[in-house]
Amino acid sequence: MDVLHCLARFGFIAATLVTLAAAVMVVSLRNIFHCALALILVLLGVAATYISLKAEFFAVIQILLYVGAIMTLVIFAIMLTSKIADTTVPQTNRQSLVSFAILAMFDVFFIGSVIKTSWKVNAVTMAANVDAKVLGMAFMNEYVFPFEIISVVLIVALVGAIILGRSDQ
Amino acid sequence: MSGIPVSYYVIFSGLLFSIGLYGVLVRRHVVGILMSIEIIINAANINLVAFSRYVAAKPEMGQVFAAFVIVLAASAAAVGLAIVLSVYRNRRTIYTDEINLLKW
Amino acid sequence: MGYAYLIPLFPLAAFLIIIFNQKRLGHKSALVAIGGVALSALLSTGVILQVIGGTTYHDTFDWIRIGGMQLNFGILIDPLTAMMLFVVTYVGSIIFIYSQGYMHDDPRFPRFFAYLSLFMFSMLGLTLSNHFVQLYIFWELVGLCSYLLISFWFEKDSAANAGRKAFITTRIGDVGLFIGILLLYSVLGTLQFRDFTPEFLSQKGAGHETILTLACILIFAGACGKSAQFPLHVWLPDAMEGPTPVSALIHAATMVAAGVYLIVRSTPIFSAFPDSLKVVAVIGTITACMAGFIALTANDIKKVLAYSTISQLGYMMAAIGVGGSTAGAFHLMTHAFFKALLFLGAGSVIHGAHTQDIREMGGLFPKMKITALTFLVASLAISGVPPLSGFFSKDEILTAAYESGNMIIYYALLVTAFMTAFYMFRLYALTFLGKPRKDIHAHESPAVMTVPLSILAVFSVVVGLPGSPYMNHWFQTFLHGGHPEEIHAIPFVVQCSIGAGLSGILLALILYLALPKVPEFLAKIFKPLYLLSSNKFWMDEFYQAVFIKPAWALGRLLFKFDQNIVDGAVNQTAVQTLNLSAVQRWFDQTVVDGIVNGVGAVTQWTSGVARKFQTGLIQNYLFVLVVGFILAIIVQIH
Amino acid sequence: MEYSDPIFVVIKKGILHFLHGFLPEWTVVIISIMLSITAIAIFGPVTMMYLTWLERKVVGRMQNRWGPNRVGIFGLLQPIADGIKMLTKEDIVPQDADKVTHFLAPVMVVIPALLVFSVIPFGRGMTAVNLNVGLLFFLAISTLTTIAIFMGSWGSRNKFSLLGGMRAVAQMVSYEIPMVMSVVPVILATGTLSTVSIVEAQLGGKWFIFTPWGFFAAIVFFLCGVAEVNRTPFDLPEGESEIIAGFHTEYSGMKFALFYMAEFMSAFAISGLTVTLFLGGWGGPVLPSWAWFLLKTYALIFIMIWFRGTLPRFRVDQLMGFAWKLLLPFTLLNIFVAALWQILPSPKNLLVSGIAEAVILVIVFFASRKDSPTKRTYIFAD
């Protein structure tokens, strides 16, 4: 079975690499619509990552919410605002190089420190599989208060969005 | 896939995060910035889920909070895009460095 | 009897309901108003029955507290209040019903009923109030309502002017009333009616007789204003410009009676200071005579009634003045009924004949029977023919006058009684009897108007009986709160009054039916008198000359003064100021501005430097933030 | 039955067992996966081809025509002919179209349509992948179609395409919500998200469509499904009479065929899922399970075609109003009814929830009828 494991791990690594590449495209492409498509790719890659973490439910939620809902919103917004594919317009401002340098520095440092640390692995959580039922229980029992709060927040945000987006005539 | 060490996920999310941050710092297009923010949020979520799987006290903890984060991201996207639209309607531009009324 | 509080509130509610949706209600508003007043009539019936049962009620709650001084609202229900309630609510409801027919075609129908309801509310409030200030408030409200209703047809200049006149004239009296109240408070330190017991007055008012007398006279001045007594009576005849139901309700039955009510209410004070009573008596008598005399020659049906009202009010005042306050109150009640009846009858006549000038009428009897009959009843009642209500009350008054021993007043009143009978039947003859002088297509009014007439007729027959010797003056006893006052009818007085009444009636009928030439002839003979009467003693002209013209003159004078002296002074000041400021200007521009500009320059320079940091690009800020954040982490770890 | 029912399973088993002899273990696993994939990859297109044939036949009969009847007996070979034609047609790409997007769109649109087949239980033990979140997986994947359609519509720089795309996205996003909501009662009843166990919960004729909530939920779900796959009366995105062909105006040849295929496959998938959720899946007497499944599914597909033959097209505002004002509140309340059904004892719950259902239906209907879309007021045109 180790062959399968190798394959799976290889696939997973490929997925992450694709995701990163897509993310780079998101921040670098000139055509904002292509950026949106790349972002979709990123989100799918993240979903794959979730699957690799045995959080299938969560992966599906990711697709349903992000790809289904949020991305549609984003694309709509892109459509409603103009000059999408006008590649003559510079899409980055003047501080791109310096911030790139800074962030690269940061990443090097970050990766170094992450590798240096030794993570202790909790066997119990490794064994446990978290499916919809468990999550539901968690939401309804010990996280019920934040759950309610978050739903209120959501409603408020949506109402606000409607009021903001309403055209004036 | 228990073979993959947690540090791998952490690095992955860190890179994703910094890419998103780069986008936020650099993009002129407001929607671009919003998308970069989505990337950042996803990076954070990956961390949550990964840690909830590897080193958390309870297995579902991280996922619960990741779910909260997703909801917040959704509302942020909704409000943000609504703002973008109204700004575009009033100022006819969606480039951040042209929306500088606060300057003086 | 706490529910007495509700009595005024029903009309108020009706007012609010109607005024806020006139369009929607339309003619239904009349029903609302009638419902309101009917409900309060119901409640007040309960109150009256309890009072007759012998209970009185006094309740009060805090309204204002200023330091030691405290004003409190409340209601006081005693026999007098009960009587007023009876009059106001019953006459009121009847007139409401009547005016539904009378105003039927008016475009502002709902507003009319709104105003009526408002008036009802304030009148009831006035009746129930236990306190001079409260009474004053409702007093003014009533005045306002009368103003609104007199000038209800404000398209007519005459109506508008009449309204204004009424308002201003009564206001003169009201100022007096207000000052009077203040004086009372300053001396006695209380304004609640029930505190004014004789002993309280005697021991508290000792040493202040003059002030208190003055206060009484001032209060009486207020009463004069409201119930059109001699100097201030001029507004009432003009007030006839308003719709007839208004004249009936406000200017015959209730509001003008408010003055009398006020005096009766404060009889204890007045009787504590007899001089004031004398004033009341004199004024009352003068008013009675004069108004009656004017009424002899008035030709407008409503004017005649107006003047008769004035003279009857004078009657009541005189009665109070000579110490027969119960007689006054009694007459107030009877008069309210038959005078309301008279006015409504007049209204029905006007409604049918479309004219107000009695010289154009005549021979209306066959055309409008019910109106004519009820009118006859009322006329008989007012001219004091036994056993109708008017007789007993008037008889009471005459008796009181006789007993007071002041023969001038007595005979003056007697003459007035005669004149009353005379002009009433002159009016009646000219209007209903004889043959039509002009072909006016008169027709009987609808049932909604005639039925109230009939009801009122019945009332004005029977309402006198409680005070009559047959029921051995139950009413007076009742007013006196139980313990009876001995009233022995003096035959001489009775004969006199009957004689006066009947002779007046006969004379009038003879003169105006049998030999209609005579009146002109008489008018020619007594030219001066006739002129005096028909020009209403030149009262208006007199006021015009004595008060209004001088006021204008003074105004012009003041204007001139303003123009020349005051403005001159102002201009001079201005010029001087200019000179001074020239100096200051120089100082400012050189020294002060120098400093200010210096500061400004410095600030500008520094801020020019600081401004470089403020790019307005959010991403720059964010960038700095991120850099700082990363540095912080690194430093934290190493 | 005993032998005909698991026939496909048996075949697969056989193949695997045969291979097991000489191949290493992991290859066998991979091959077993491959087998399922191939099965689906073949099944999908074939279904699509014969759905087109079926549709043309049925609509033809409804319009009193014969429909395709030249190529092969009953025109059974017509789809193949069409396929050949499609493949040989010239592939036109508009000049300043966004090449990449324009190319990727048809591919992207087929992928989800094929993926969803993997969780549909075609018969006993005939589910490609028995995910424990299968149902949610189905819904999630089917939303990807939206993006694909949008890519196509935007990629081919064309007003009508863009309009079609806009419409498509708006419509799909709107109808997704009542769709998911109408599924919730089923999850409530079965307590699982796996399609297989949902079907097993309905075995023995306990179909959810026979419960009050299930009945209405099924109707709503099916309608939303029809809207999701943009078929009449919800076919605004490709309304020929309004916007030439909507999002696939600029597509020709195989790309167009792919769009077409996607549409029909998702139509099949939706019907299949409706069957799975409410009509007892492959459960049924006598016939083998897969036969039952196909029977029910084709019945539903026939209804879809029937719609197409009968109903006129919605208007945009009517469409939205229908989704947001009628379906959404109704499905929300429906969840409560399902909960009632769950908590009450057996004989009582039928009555109670039935009454509740009726009341809710009436209320929602009248409440939404008050402001049901009337004639549009044109803001810009005059």
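Two residues are in contact if their C-beta atoms, placed from the backbone, lie within 7 Å. Helices (H or I, at least four residues) and strands (E, at least two) are DSSP runs, numbered from the N terminus. This is a predicted model, in which local features need pLDDT of at least 70 and side-chain atom pairs count only at pLDDT 80 or more, while totals for chains, interfaces and linings use all residues. Residues are numbered from 1 along each chain as its sequence is written, and chains are lettered from A and ligands numbered from 1 in the order in which they are written.

**Helix 4 of chain A**

Let us begin with one helix. Helix 4 of chain A has 21 residues, and from first C-alpha to last it reaches 30 Å, close to the 30 Å expected at 1.5 Å a residue. That expected span is 1.5 Å times one less than the number of residues.

Which residues of helix 4 of chain A are buried? They are Ser99(A), Ile102(A), Leu103(A), Phe106(A) and Phe110(A). They cover an arc of only 90 degrees around the axis, which puts them on the same side of helix 4 of chain A. The arc is that of the directions from the helix axis to the C-beta atoms. An α-helix has 3.6 residues a turn, so residues three or four places apart point the same way. A residue counts as buried if 20 or more other C-beta atoms lie within 10 Å of its own, exposed if 12 or fewer, and partly exposed in between.

The other side of helix 4 of chain A has exposed residues, among them Leu97(A), Ala101(A), Val108(A) and Lys116(A). As for partners, the buried residues of helix 4 of chain A pack against helix 1 (6–26) of chain B together with helix 26 (618–637) of chain C.

**Where chains A and B meet**

Contacts between chain A and chain B involve 72 residues of chain A and 61 residues of chain B. The elements giving two or more residues to the chain A side include helix 1 (2–28), helix 2 (32–52) and helix 4 (96–116) of chain A. By class, that side has 53 nonpolar, 15 polar and four charged residues. Here Ala, Val, Leu, Ile, Met, Phe, Trp, Tyr, Cys and Pro count as nonpolar, Asp, Glu, Lys and Arg as charged, and the others, Gly among them, as polar.

Now zoom in on one helix pair. The axes of helix 2 of chain A and helix 2 (residues 30–54) of chain B come within 11 Å and cross at roughly 5 degrees. That makes helix 2 of chain A roughly parallel to helix 2 of chain B. Angles under 35 degrees count as roughly parallel, over 145 as roughly antiparallel, 65 to 115 as roughly perpendicular and the rest as oblique. Axes are lines fitted to C-alpha atoms, for helices over the stretch in contact, and angles run from 0 to 180 degrees between N-to-C directions. Residues of helix 2 of chain A in this meeting include Leu39(A), Val42(A) and Val46(A), and those of helix 2 of chain B include Met35(B), Ile39(B) and Ile46(B). The contact has 13 nonpolar, three polar and one charged residues.

**Chains C and D**

Here are the two chains side by side.

Within chain C, residues 24 or more positions apart account for 81% of the contacts with a separation of 6 or more. In chain D, the corresponding share is 77%.

Helix 8 (residues 212–228) of chain D is mostly covered, with 15 of its 17 residues buried. After helix 8 of chain D comes Asn230(D), with a positive phi near 55 degrees.

**Two loop residues**

Most residues other than glycine have a negative phi, and most peptide bonds are trans. Ala228(C) is not a glycine, yet its phi is positive, at about 50 degrees. Ala228(C) lies in the loop between helix 9 (209–226) and helix 10 (235–239) of chain C. Is Ala228(C) buried or exposed? With 31 C-beta neighbours inside 10 Å, Ala228(C) counts as buried.

Asn64(D) also has a positive phi, near 60 degrees. Asn64(D) is found in the loop between helix 2 (25–62) and helix 3 (78–88) of chain D. With 6 other C-beta atoms within 10 Å, Asn64(D) is exposed.
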